[in-house]
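Student: I should like to learn how to read a structure of this kind. May we go through its features one by one?

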Amino acid sequence: MIQEEHEVITLGDPHNSGPVMSTMVNIRTETVVPDHIVWSLFNTIFFNTCCLGFVAFAYSVKSRDRKMAGDVIGAQTYGSTAKCLNIWALVLSLLVIIATVIAVIVIVVIGVNLYPGV
């Protein structure tokens, strides 16, 4: 049998006795602030009652700008306003659509009753 000898070297203390340098890295966690820009764009294109969709889009862009600048409170404020304006634009637009459908149905029913043979 072959016997091998292994020598273990201990490193011991470091040769440099100077101060120990350390580096600290701060990693910012991204705070999720909804800016509702897609909803605002949708309301601007399709449901722009009283220009509320356009105003909501402007507030959404402001919210995104504040978020990129690092102002989380400002971004939340503008995002909340954009959400409120989007809700109002959607509700008012749906009410206008429902009122228009009801008006068309009423006009057709009255027209059929007034002129039955035509």
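This is a predicted model: local features need pLDDT of at least 70, side-chain atom pairs count only at pLDDT 80 or more; totals for chains, interfaces and linings use all residues.

Student: Is Ser60 buried or exposed?

Tutor: Buried means under 20% relative accessible area, exposed over 50%, and partly exposed in between (1.4 Å probe, protein chains only). Ser60, found in helix α2, is buried, with a relative accessible area of 0%. Of the 118 residues of the protein, 18% count as buried.

Student: Which residues is Ser60 in contact with, leaving aside its neighbours within four places in sequence?

Tutor: Contact means heavy atoms within 4.5 Å. With those neighbours left aside, Ser60 is in contact with Asp35, His36, Ile37, Ser40 and Ala82. Asp35 lies in the segment before α1 and is buried, with a relative accessible area of 8%. Not counting residues up to four places away in sequence, Asp35 touches Ser60, Ser63, Arg64, Lys67 and Ala82.

Student: How does one compare the span of helix α2 with what it should be?

Tutor: The expected span of a helix is 1.5 Å times one less than its number of residues. Helix α2 (residues 52–69) has 18 residues and should therefore span 26 Å; its end C-alpha atoms are 26 Å apart, which agrees. Just after α2, Gly70 takes a positive phi of about 95 degrees.

Student: Where do the buried residues of α2 fall, seen down its axis?

Tutor: The buried residues of α2 are Leu52, Gly53, Ala56, Ser60 and Ser63. Seen down the axis of α2, they fall within an arc of 90 degrees, so they line one face of the helix. The arc is that of the directions from the helix axis to the C-beta atoms. These buried residues pack against α1 (37–45) and α3 (72–114). On the face turned away from the buried side, α2 carries the exposed residues Phe54, Met68 and Ala69.

Student: Which residues of α1 are buried?

Tutor: In α1 they are Ile37, Ser40, Asn43 and Thr44. Seen down the axis of α1, these fall within an arc of 125 degrees, so they line one face of the helix. What covers them includes α2 and α3, while Val38 and Ile45 are exposed on the other side of α1.

Student: At what angle do α1 and α3 pack?

Tutor: Axes are lines fitted to C-alpha atoms, for helices over the stretch in contact, and angles run from 0 to 180 degrees between N-to-C directions. α1 and α3 pack at about 35 degrees, with their axes 10 Å apart. The contact is made by Trp39, Ser40 and Asn43 of α1 and by Ala82, Lys83, Asn86, Ile87, Ala89 and Leu90 of α3.

Note on methods
Residues are numbered from 1 along each chain as its sequence is written. Side-chain values use heavy atoms; hydrogens and water are left out. Helices (H or I, at least four residues) and strands (E, at least two) are DSSP runs, numbered from the N terminus.
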